[in-house]
Amino acid sequence: MKAHFLLISIILSIITCSCKNKANSASTVTVDETIALSPQKIDLTDVEYSETPQLLSDFVDSIEYIRLSDQPLIPDTRKVRLSEDVQGNLYLDFNEIYKYTPRGKYLKSLFKQGQGPGEIYAKYIPGIYNKAENYVLVKNHNAPYNKYTLEGNFIKTVDAQIDSTNIEVLTYWKNYEIFRYEKDIILQKGEAANLDSAYFCQVKDKTGKIIYRLPNHHFDIKATSPGRGTIVLLGGVIDYGEINRNLFWIRPNYVDTVYSTSDWTDVRPYYIIQRNNRAADYAWSVRMKVGDITREDAEREQLCNVYALKSGLLFNYLFNPKQQGAGFCPANGKSKTISRLFKNDIDSYCPSIDLWQAIAYKTLYQKEDYLYLLIDAFKFFEEGAKSPFPDLTEESNPVLVKLKLK
């Protein structure tokens, strides 16, 4: 497993756990879909922990439930990532990739397990989907990517290394490839470094030309290695997603800016996150990435993963191991509380949804005006719940839930 994923897992265990679009497309794009001229504020300065659940209706308009085929069986939902192609077919991605119709009928597995040509023997990160070109990159452990069509046909093996430098493809959007360079290194004791590099990520167009680099404006902040022989990796966690079909957002963890773009020729701040101690966040993250942290450091108050929505910011926040949860802050508004659950005040099927866990494991899939997630079938049989399907049982596969965003 890559080192930055390992560091994040260690910390979780410690704490218990652009002005306008181009003129030639302006006629087909609404005002709401264009890049914002000025950033909106997300005020988290007075946020507090509460045992009272948040309300789903703060950012959700309606809910749709999709019944998945009961075979094959789906594992722990915390390990599953979701995706969708241009036809609306669904992909459940874990150590395998299962393809379903838009209504949840199982179609096929996209690749075979094994060590032969075109097979995968140790998939450990989610596939990277290029919907515009109808393919997915699947990473073998310590090996190049295998490239498959979304029908499951093996195309070729793609080298992901230049000399000793790895190329990590983060995602595709509108046929743009968002990636970064990574290199395994062992810092010597007393050596100072900022492992995020001068650029958080870079962007290629379909011809392979690099058209944008997201600068690290805090590259001057360095951390001193404690010299424990810790293997570290360039780059940290980056959150990103699709606000709508013409607007993409991206935010490196512990940075107070969510950036947005419509075509990477104009990248602007979309949300500016306000916090009382935000100035210390990035410096702490630089120390964390070289292994210079203590138990107390890991348990410090911090803003964790986020999802940028058109109506505001969905986020995870940690005060201490016992007070951590998710919240929603409206654009140009103020968030008051976080909690472990969001109360479903939209319909009568599932009384509450654990968005804190979904955000922490990054299992929410964002597309246009929807958030997708899986909910275990037994949740619909708990006290106060109601099954959305007459043939659903507690042993059924998870239910796919589509949250229509405001």
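# Working chat: cores, strands and a pocket

Q: Which strand is Asn316 found in?
A: Asn316 is in strand 27. Strands here are DSSP runs of E with at least two residues, helices are runs of H or I with at least four, and both are numbered from the N terminus.

Q: What kind of model is this, and what pLDDT do local features need?
A: It is a predicted model: local features need pLDDT of at least 70 and side-chain atom pairs count only at pLDDT 80 or more, while totals for chains, interfaces and linings use all residues. Residues are numbered from 1 along each chain as its sequence is written, and side-chain values use heavy atoms, with hydrogens and water left out.

Q: Back to Asn316. Buried or exposed?
A: Asn316 is buried, with a relative accessible area of 3%. Buried means under 20%, exposed means over 50%, and partly exposed is in between (1.4 Å probe, protein chains only).

Q: What does Asn316 touch?
A: Leaving out residues up to four places away in sequence, Asn316 touches Gln302, Leu303, Cys304, Asn305, Gly325, Ala326, Leu355, Trp356, Ile359 and Ala360. Contact means heavy atoms within 4.5 Å.

Q: Which residues touch the most other members in the largest nonpolar core?
A: Phe59, Leu314 and Phe315, out of 49 residues in that core. Strand 27 (residues 312–320) supplies the largest share, five residues. A nonpolar core is a set of buried Ala, Val, Leu, Ile, Met, Phe, Trp, Tyr and Cys residues joined through side-chain atoms within 4.5 Å.

Q: What is Phe59 in contact with?
A: Beyond its neighbours within four places in sequence, Phe59 contacts Leu309, Ser311, Leu314, Phe328, Phe342, Leu355, Leu371, Lys404, Leu405 and Lys406. Another core, of 23 residues, lies apart from the largest one and includes Leu170, Phe200, Ala223 and Phe248.

Q: Lys402 next. Buried or exposed?
A: Lys402 is buried, at 13% relative accessible area. Lys402 belongs to strand 35 (residues 399–405).

Q: New topic. How much space lies in the second largest pocket?
A: About 470 Å³. On a 1 Å grid over the protein atoms alone, a pocket is an open set of points with protein on both sides within 12 Å along at least five of seven lines, whereas a cavity is a set where a 1.4 Å probe fits but cannot get out; lining residues have an atom within 4 Å of a point. Points are joined across faces, edges and corners, and the volume is the space filled by probe spheres set on them.

Q: Which lining residues are closest to its centre?
A: Asp354, Gln357, Leu374, Ile375 and Lys379, among 23 lining residues. Strand 34 gives the most to the lining, three residues. At least two each come from strand 32 (352–353), helix 4 (355–360) and strand 34 (370–375).

Q: How does that lining split by class?
A: Twelve nonpolar, four polar and seven charged. Ala, Val, Leu, Ile, Met, Phe, Trp, Tyr, Cys and Pro count as nonpolar, Asp, Glu, Lys and Arg as charged, and the others, Gly among them, as polar.

Q: Why is strand 15 called largely enclosed?
A: Because six of the seven residues of strand 15 (residues 176–182) are buried.

Q: How many bridges join strand 14 to strand 15?
A: Seven, and the two strands run antiparallel. Strands pair if DSSP finds at least two bridges between them. Trp173 has Tyr176 in strand 15 as its bridge partner. Their hairpin has two residues between the strands, and Lys174 takes a positive phi near 50°. Strand 15 also joins strand 18 (residues 199–204), antiparallel, through three bridges. There, Phe179 stands opposite Gln202.

Q: What order does the open sheet of six strands have?
A: 22-23-24-25-1-29, with mixed pairing. Strand 22 (238–244) and strand 29 (333–334) stand at the edges with a single partner strand each, so one side of each has no neighbour in the sheet. Strand 1 (residues 40–43) runs parallel to strand 29, joined by two bridges. Ile42 stands opposite Gly333 there.

Q: Last one. Where is Gly118 placed?
A: In the loop between strand 8 (106–109) and strand 9 (128–130). Gly118 is buried, at 15% relative accessible area. Gly118 contacts Asn146, Tyr148 and Phe154, leaving aside neighbours within four places in sequence. Asn153 is 35 residues from Gly118 in sequence and 8.8 Å away in space, C-alpha to C-alpha.
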